[in-house]
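Have a look at the model first, then read on.

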Amino acid sequence: MNKLMTQESQTVLSRRRFLQGLCAVAAVPAVNALLPKTALARAIEEALPQFKYTKTAHEGVLTAAHWGAFQAIVKDGKMVDTLPVDDDPAPNELIKMAPYQVHATNRVKYPMVRRSYLEGGPGAGKTLRGNDEWVRVPWDKAIELVAGEITRLQETYGPSSIYAGSYGWKSTGMFHNSRTLLHRLMNLSGGFLGYAGDYSTGAAQMIMPHVMGSMEVYEQQTAWPVVVESSELVVLWGFNAMVTLKNAWNVPDHEGQAGLKALKDKGTRVITIDPVRNETVEYMDAEWIAPRPYTDVAMMMGIAHTLLSEDLHDKEFIKYYTTGFDKFQAYLTGDADGEAKTAEWAAEICGIDADVIKSLARDFAKNRTMLMAGWGMQRQQHGEQPNWMLVTLAAMLGQIGLPGGGFGFSYHYSSGGSPTAKGGILSGINAGTAPKGSPSPIPVARIAEAILNPGKSIQFNGRTVTYPSIKMVYVAGGNPFHQHQDINTLLQAWQTLDTIIVQEPYWTASAKHADIVLPATTSYERNDIDMGGDYSQRYVFPMHKVVEPQHESKNDFDIYVALAEKLGVKDAYTEGKNEMQWLKEMYDGMKTQARTNRVPLPPFEMFWDANDYISFPIPEASKQWVRHAEFRDNPLLNPLGTPSGRIEIYSDTIAKMGYEDCAPHPKWYAPREWHKAEIAAKYPLSLNTAHPTQRLHSQLDNTPLREKYAVANREAILINPTDAKARNIKDGDLVRAFNDRGQILVGAKVTEDIRQGVVRICEGAWYDSATPGQAGGLCRNGCVNVLTFDQGSSQLAQGNCGQMAQLDIEKYQGKAPVNLAHQVPLNA
C-alpha cells in the first residue's frame, strides 16, 4: 500500500512539475523570433528542469549525417562551417565537408532529361546513355514523364518490369528515407520488383541464420566495457576499425573508437590479420599478420586442426552447445577426403608460417579471446565460409557466451558493442503493404545478371528465383555505378532498359547514365529526425533545415508527393500530413515509449525550437551485457533460432539443398581468382579493396578531401616496393591497373605496409570512362569495380564478390587524360 502511494505521489509530482513547466514557457513560441537559440534553450531548460536528458547545441543549427551529429554555422544564407556536438567522444573530420556537399559545383540544379529519350520516348538512344546531351525541363514535365512511364509499364508489363530496389546509403533521417518513400509510392501504384540481401553482408546474413539462428552481422555485440575488462586477447580479423567506425547507418555515437582506446590504454594484446598494415594496426600498436588475400578460411582451419590435434579444444562446449562437429572433424582431419587441414597445409595456401598458425591456436586457447571479424572476407566467392568457420573456431575454444570471449561481426560497424540505452525508439515512415501479385525479390547483387537474362532461373537459399523482364530502374539514395561489381557488365545491362530514373543531388556516374534526373536536396536542406547510435540507440537528433533548397532541388517527400498526385494516390501517400506533422508523430511515438521507461521528454514543439538533442541514460546492466550468455547459461530454455536450437557446425537444412558450392559444414574452396589460379599467370597481383579513409563509400568523393588521398588526381593504389620495382613504378606515378574485365587509372603509393603480391585500391571512386557509354573504356578516376567480377558468392547466398580479383599494373605512358569524374555533363 505504501509503495503504491509513493508511486502515485511521484506521478502527481511529475505531472505538477510538467504543468508548471508548460505555463512557464507558454509564451516561448511567441518570442522565438526575438530570442537567440541559446537563450531560448536556456529558458526552456530553466522552466523544465525535469527534462535532464536533453542537451543544447550552443553554436549553430543542429543537424546530423552518417559521419556524426554537428552544429552547422550559417552566414548570409550559406553553410560555412560545422562543429561537433559536445559529447562526441571521437569527432569525425568528415563533418567539415557538409558545406561543400550543399554548395558543390556538380549539384544537379534542375530536372534534366536525356535528349534522345525526350525526343524519342522510352528506349530511344539506349547506347547513348552516358554520352548524350541533356535538356532542362520544368518540374511538371519531369513528373509527368516519370508518372507516365510508371503507368505505362504497370499496365503493359506489370510490377515485375519496374526495379525500384533503390539500394544504397541514403542520407540520414527517419522521414526523408528515399528508399522507403519510393517503395511506399510503388506499392500504392501497383507494386514493384525489389531486392533481397545487401552488398555489405550478402553472404554472411544468409549463412548465419543456418548456423546461429540469427544474422549476427547486424546484432548487438558483447558490450565494450566487458571486452575491455575481460578480454585478454583481441583478434581483429579482416577489417580496419579506425576507418569504418567513423560512420554509421544512422548517426554514429563513436563509442567504438572509445572502446578501442580503452583497450589500448589497458595494454590488452591485439592481433590484426589483414594483407595491409592499416590505420588500426598503427593506432593499437597491434601485432600484424598478413595472409594472402582470400585464404582466411584455410588459415582458420589450420588453427582449428592445431586445437584438435593438441587437445586444446573445449569438448564439453562442443557436446552441449553445438551439433554436427563430428562431421566437420572428419573433414578437418582428412578422414572424409584424404587431406588433413594441418597448419602446414594452411601455410602453403595462406602464406603464413605453420609455426605462427600453431602459436595462434595455443594463444587463442590459453587466453580469454575475442574474435572480431569484418565483412570484407564474405564479399568474395564462397563468402559464406569465413563467417561459418570463424564461429566454428570460436565454438572449439568454448568461450561463446563468456565475458570477453567468443566472436563478434559488428564491432567494426556503427559501434556494435556500444551499450544499449534506455529510452524510446524512433519509427520512420513505412513502405506500406505490397499489393497482391507483387513479384518476389531478387538477390541484390544479381541485378545486372537479371536485367541481361530475363527468364533465367537461379538457386537462392533453398528456393528457385526466376528473373523477370525488367524494363525500368528507379534509383534514389544510391549509386549503382559505384556499388555494383564489374561495371562494364552493368553498363551493358543498363543499355537494354527502356527507362532509367535517378533521384540525386549530384552528377554521379549513375546520374550521367540515366534518362531522367530529378534534383534532390541534401539532408541539410530539409527537416528530419534521426537516432544516434545504431546499436546503443542513445541519442535523438533533430535535423533542422540549415539552408534553403539549392537551385530547383526538392526534398524526397515532396518529389514523391508530386508523383503520387499524378498517379492518383496522393491522399493515401501523405495520410493528410506534411513534413513537420510526420516528424511530430514520430517524436510523439518515441516520447510515449520513453515515458514508459521513466524518461520524461518535452513536447515536440518545445524540443524542436530549443535546438536540443536527447541523450538517453544507459543502464548498468547494458554495460555488462554479454552476447549469447543466456544461451550458454541454459541452452534448453534459451535455444538459438536454428532447427536444433544449438550452434550448427553441420547443417541438415543446407545438406538438403545439395549445393556443390556450399557444403553443409565449413569448407575450404579455392576461388576462381587467387594467386594459385591459372589466371594468376597472366594477372599475378591479388586485389585487396576496402573502405576509404576520407569518404563513406562514394559519398564525399567530390569534396576537397580528395587532396588528402588522391595520387596523381586519381584513386590511390598501394603497392609493395618489390612489386613496384619489378614494373619500374615509383611513388606518385600514374598507373594503369587492368585485367580482362576492364582498366583504370590510379596513383601509385609505394609502401611496405602491404604484402608482396597484393595491391590495395579503396572502393568509392566515381566512375569516369574515357569512352563514355562504351564498355571496356579506361576509367580515369580509378573505380575499382571496373576490375571485379560479377558472380554470386554461392547458390546459397548469391552475395557479391566485389572484393576479389586478379590483375596487373603498369606505369602509364603518354599524356595523362583529364579526370572528368566530378564534372557536370555538357548542357547540364
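A disulfide here is a pair of cysteine sulfur atoms within 2.5 Å, and searching the whole structure turns up zero of them. Keep in mind that this is a predicted model, where local features need pLDDT of at least 70, side-chain atom pairs count only at pLDDT 80 or more, and totals for chains, interfaces and linings use all residues. Residues are numbered from 1 along each chain as its sequence is written, and side-chain values use heavy atoms, with hydrogens and water left out.

**Cysteines**

- C779 is in no disulfide, and the nearest cysteine sulfur, belonging to C783, is 5.3 Å away.
- C779 is buried, at a relative accessible area of 0% (buried is under 20%, exposed over 50%, partly exposed in between, with a 1.4 Å probe and protein chains only).
- C350 also counts as buried, because its relative accessibility is 0%.

**Cavities**

- A cavity is a set of points, on a 1 Å grid over the protein atoms alone, where a 1.4 Å probe fits but cannot get out; lining residues have an atom within 4 Å of a point.
- Points are joined across faces, edges and corners, and a volume is the space filled by probe spheres set on them.
- By this rule there are eight cavities of 30 Å³ or more.
- The largest cavity holds about 780 Å³ of space; it has 50 lining residues, and W169, H482, H697, S698 and Q699 are the closest to its centre.
- Helix 20 (480-483) and strand 19 (499-504) are the elements that give two or more residues to that lining (DSSP runs numbered from the N terminus: helices are H or I with at least four residues, strands E with at least two).
- By class, the largest cavity's lining has 14 nonpolar, 30 polar and six charged residues (Ala, Val, Leu, Ile, Met, Phe, Trp, Tyr, Cys and Pro are nonpolar; Asp, Glu, Lys and Arg charged; the others, Gly among them, polar).
- The second largest cavity comes in at about 350 Å³, with 28 lining residues, of which G238, D274, G376, N688 and T689 lie nearest its centre.
- Helix 10 (241-244) and strand 25 (685-688) each give two or more residues to this second lining, which divides into 11 nonpolar, 12 polar and five charged.

- Four strands form an open sheet in the order 1-23-22-21, with antiparallel pairing (two strands pair if DSSP finds at least two bridges between them).
- Strand 1 (54-56) and strand 21 (528-532) stand at the edges with a single partner strand each, so one side of each has no neighbour in the sheet.
- Strand 1 and strand 23 (residues 612-615) run antiparallel and are joined by three bridges; K55 has Y613 as its bridge partner in strand 23.

Definitions and conventions: On a 1 Å grid over the protein atoms alone, a cavity is a set of points where a 1.4 Å probe fits but cannot get out, and a pocket is an open set with protein on both sides within 12 Å along at least five of seven lines; lining residues have an atom within 4 Å of a point.
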